[in-house]
Amino acid sequence: MKNGNKIGRNDPCPCGSGKKYKKCCMGKQNSRPVDVKRWYRQKYDIRLKEKKDVEGIKAAGRIVLESLDMVEAELKAGMTTDEINTLVHEHAEKYGAVPAPLNYRGFPKSVCTSVNDVICHGIPGEYVLKDGDIINVDVTHIYKGYYADASKTFFVGTPGPDAQKIVRVAGESLKAAMEMLAPDNTIGDIGWAIQSCAERQGCSVVREFVGHGVGFDFHEPPQVPHYGKKGEGIVLVPGMVFTVEPMINLGKPQLFIKDDGWTAVTADREPSAQFEQTFFITEDGFESLTPYFL
């Protein structure tokens with residue numbers, strides 16, 4: 001395995017025996033083939049997905065994408081963020097899906113709506129969108145037991161230069177991450193690509209929130225930081241499903257959480273933008289399970 005991910009003496013043996021590596025296949029010339037699925041579950045608590053699981057996540061993802069497309073078509077100045085919540089919730093119900101954020105750890109709404117200097121986890125409410133605003137709409141649905149997660153940042157009316165820049169850089173950061181999605185690359189490669197893309201354009205990367213495994217649950221291992229060093233972290237293997245969702249600030253990376261316990265805001269009140277998709281690592285690359293054009 002790559003770099004820091006080689007098998008340790010006291011790790012579970014990757015052959016799947018349940019014994020420690022030093023007590024099983026270590027040093028044996030004719031050791032059994034590595035059971036990667038079992039090893040990743042034992043070592044990292046990562047549940048690799050089978051073909052049927054991927055199809056289930058894709059089905060949930062199609063409803064997520066329809067929700068985002070519907071919001072984009074309806075979005076306009078004068079609309080409240082609570083109206084967006086209603087659109088997404090009713091669309092999920094139409095297909096028999098369940099909005100995963102609703103009542104998740106006490107979150108009171110069905111979608112996250114993060115406007116301007118709100119980084120993430122904005123709670124829909126009475127805020128009235130204005131011309132020139134940017135808004136990230138983050139949708140996660142459960143459909144037939146599977147979760148899919150995606151978000152986009154939209155312009156409301158005519159964006160100013162700062163809004164145009166931060167949305168562009170956030171989209172380019174996700175594109176840069178996608179170039180790292182292949183077996184034998186690492187989670188550190190993903191973070192390095194995002195951080196390099198954002199910082200060379202004078203923007204910053206939020207550290208406190210990360211991408212995550214998804215599919216069987218809302219949040220699963222591994223965590224996927226949007227900063228990092230090449231070659232570090234868990235090695236990507238076929239069957240992994242996780243989100244990449246870089247949160248990029250026009251100013252500094254620091255943030256604070258509002259009294260509601262959810263809404264994360266840039267400390268310098270400069271705008272922030274985010275794009276997110278759910279990705280599946282294949283034998284020779286990746287597939288987006290919530291694909292949209294960037």
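## Reading sheets and rings in a predicted model

Author: Let's start with the surface: the accessible area of the protein chain is about 13300 Å², and carbon and sulfur atoms hold 49% of it. Keep in mind that this is a predicted model.

Reader: Okay. How many helices and strands does the protein chain have?

Author: There are five helices and 15 strands. Buried residues make up 53% of the 294 residues in the chain.

Reader: How do I read a sheet, then?

Author: The general idea is that strands of a sheet pair through backbone hydrogen bonds, and they do so either parallel or antiparallel. Here, look for an open sheet of three strands in the order E3-E12-E11, where the pairing is antiparallel.

Reader: Which strands are the edge strands?

Author: Strand E3 (118-120) and strand E11 (255-257), as each pairs on one side only. Ignoring direction, neighbouring strands of this sheet are turned by 40° against each other on average.

Reader: Over how many bridges do E3 and strand E12 pair?

Author: Over two bridges, with E12 covering residues 264-266.

Reader: Now the rings. How many aromatic pairs are there?

Author: The count is seven aromatic pairs. To read a pair, check the angle between the planes: under 30 degrees is stacked, over 60 is edge-to-face, and the rest are tilted.

Reader: Is Phe218 buried or exposed?

Author: Buried means under 20% relative accessible area, so Phe218, at 8%, counts as buried. Tyr104, at 23%, counts as partly exposed.

Reader: What about Phe279 and Phe286?

Author: That aromatic pair is edge-to-face, with 5.6 Å centre to centre and 80° between the planes. Phe279 is buried at 0% relative accessibility, and Phe286 is partly exposed at 31%. There's also an aromatic cluster to look up, formed by Trp39, Tyr40 and Tyr44.

Reader: Where does the charged end of Lys152 sit?

Author: Over the ring of Tyr292, 4.6 Å from its centre. Have a look at Lys230 as well, which lies over the face of Trp192 at 4.5 Å from the ring centre.

Notes: Residues numbered from 1 in each chain as written. Predicted model: local features only at pLDDT ≥ 70, side-chain atom pairs only at ≥ 80, totals over all residues. Heavy atoms only, no water. Helix = DSSP H or I, 4+ residues; strand = E, 2+ residues; numbered from the N terminus. Buried < 20%, exposed > 50% of the residue type's maximum accessible area, 1.4 Å probe, protein only. Areas by Shrake-Rupley, 256 points an atom, 1.4 Å probe, with all protein chains shown as cover. Pairing = 2+ DSSP bridges. Axes fitted to C-alpha atoms, helices over the stretch in contact; angles between N-to-C directions. Phe/Tyr/Trp six-rings, centres within 6.5 Å; stacked < 30°, edge-to-face > 60°. Lys NZ or Arg CZ within 6 Å of the ring centre and 35° of its normal.
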